[in-house]
Amino acid sequence: MRIRTAVDDDLALLVDLERAAGAPFAAIGMPEIAEDEPPAPEELAHYLRHGVALVAQVPDGPIAGYLLAEPVDGALHIEQVSVHPDHARRGIGRALIEHLAEHRSAGAPALTLTTFADVPWNAPYYVRCGFRPLADHELTPGLRRIRRREADHGLDRWPRICMRRDLPGNG
């Protein structure tokens, strides 16, 4: 597997990948998440220009996963990590996160994200990747804005949490 920075030509593929990655939510009683329309390529392009957009590509094959991140209150906030179900449980999501932590986090003291608390491939997975849940008093203004946006989008129908992974040597 090769991790690289996404380019404009990848964006339409990421939309299709996101659709496929969302499908397993239907099986756990979250059909609204499975059916939620992914961001358009134009929206994803924001991360190419103002953040980080990484893709994981299998040898001689398709893009199997991607990660989007941008600076929020001094940390790098992971907006999305998605892996195509055909490539799940092979360490692709973790490899994307580790690549971000090692190569893109210069000066950032931490990685942050928001996620579903009770979905096995969400919060419990991120704990295994070194993240910890944040208490309400630990939320930065930017994380509070992100959580408000998520609530406005209807994501608070299911328990959500903010998480943080401190990075060694960065603050």
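How many nonpolar, polar and charged residues are in the lining of the largest pocket? I start my notebook with that one.

**Ground rules**

I am working with a predicted model, where local features need pLDDT of at least 70, side-chain atom pairs count only at pLDDT 80 or more, and totals for chains, interfaces and linings use all residues. I number residues from 1 along each chain as its sequence is written, and side-chain values use heavy atoms, with hydrogens and water left out.

**Entry 1: the pocket**

I looked up the classes and found 25 nonpolar, 10 polar and 14 charged residues in the lining of the largest pocket. Here Ala, Val, Leu, Ile, Met, Phe, Trp, Tyr, Cys and Pro count as nonpolar, Asp, Glu, Lys and Arg as charged, and the others, Gly among them, as polar. A pocket, on a 1 Å grid over the protein atoms alone, is an open set of points where a 1.4 Å probe fits, with protein on both sides within 12 Å along at least five of seven lines; a lining residue has an atom within 4 Å of a point. The largest pocket holds about 1600 Å³ of space, a volume being the space filled by probe spheres set on the points, which are joined across faces, edges and corners. Of its 49 lining residues, E18, E79, Q80, V81 and S82 are the closest to the centre. Strand β4 gives the most to this lining, with 6 residues. I take strands (E, at least two residues) and helices (H or I, at least four) as DSSP runs, numbered from the N terminus.

**Entry 2: the cores**

Next I looked for nonpolar cores, meaning sets of buried Ala, Val, Leu, Ile, Met, Phe, Trp, Tyr and Cys residues joined through side-chain atoms within 4.5 Å. Buried means under 20% relative accessible area, exposed over 50%, and partly exposed in between (1.4 Å probe, protein chains only). The largest core has 26 residues, and L67, I78, I97, L100, L111, Y126 and F131 have the most contacts inside it. Helix α4 supplies the largest share, 5 residues. A second, separate core has 14 residues, including L11, L44, Y47 and L68.

**Entry 3: a look at I78**

Why does I78 count as buried? It does because its relative accessible area is 2%. I78 lies in strand β4, and its C-alpha atom is 6.9 Å from that of L111, 33 residues apart along the chain. Leaving aside neighbours within four places in sequence, I78 is in contact (heavy atoms within 4.5 Å) with residues including L67, I97, L100 and F131.

**Entry 4: the sheet**

I traced 7 strands in an open sheet with mixed pairing, in the order β1-β2-β3-β4-β5-β7-β6. Two strands pair if DSSP finds at least two bridges between them. The edge strands, β1 (2-5) and β6 (132-133), each pair on one side only. β2 and β3 are antiparallel over 6 bridges, and A53 has L68 in β3 as its bridge partner. β5 and β7 (residues 160-166) are also antiparallel, over 7 bridges, with L113 opposite M163 in β7. β6 and β7 run antiparallel too, joined by 2 bridges.

**Entry 5: two loop residues**

Which loop holds D60? D60 is in the loop between β2 and β3; its phi is near 55 degrees, a positive value in a residue other than glycine. D60 counts as exposed because its relative accessibility is 88%. R89, in the loop between β4 and α4, has a positive phi of about 65 degrees although it is not a glycine. R89 is exposed, at 86% relative accessibility.
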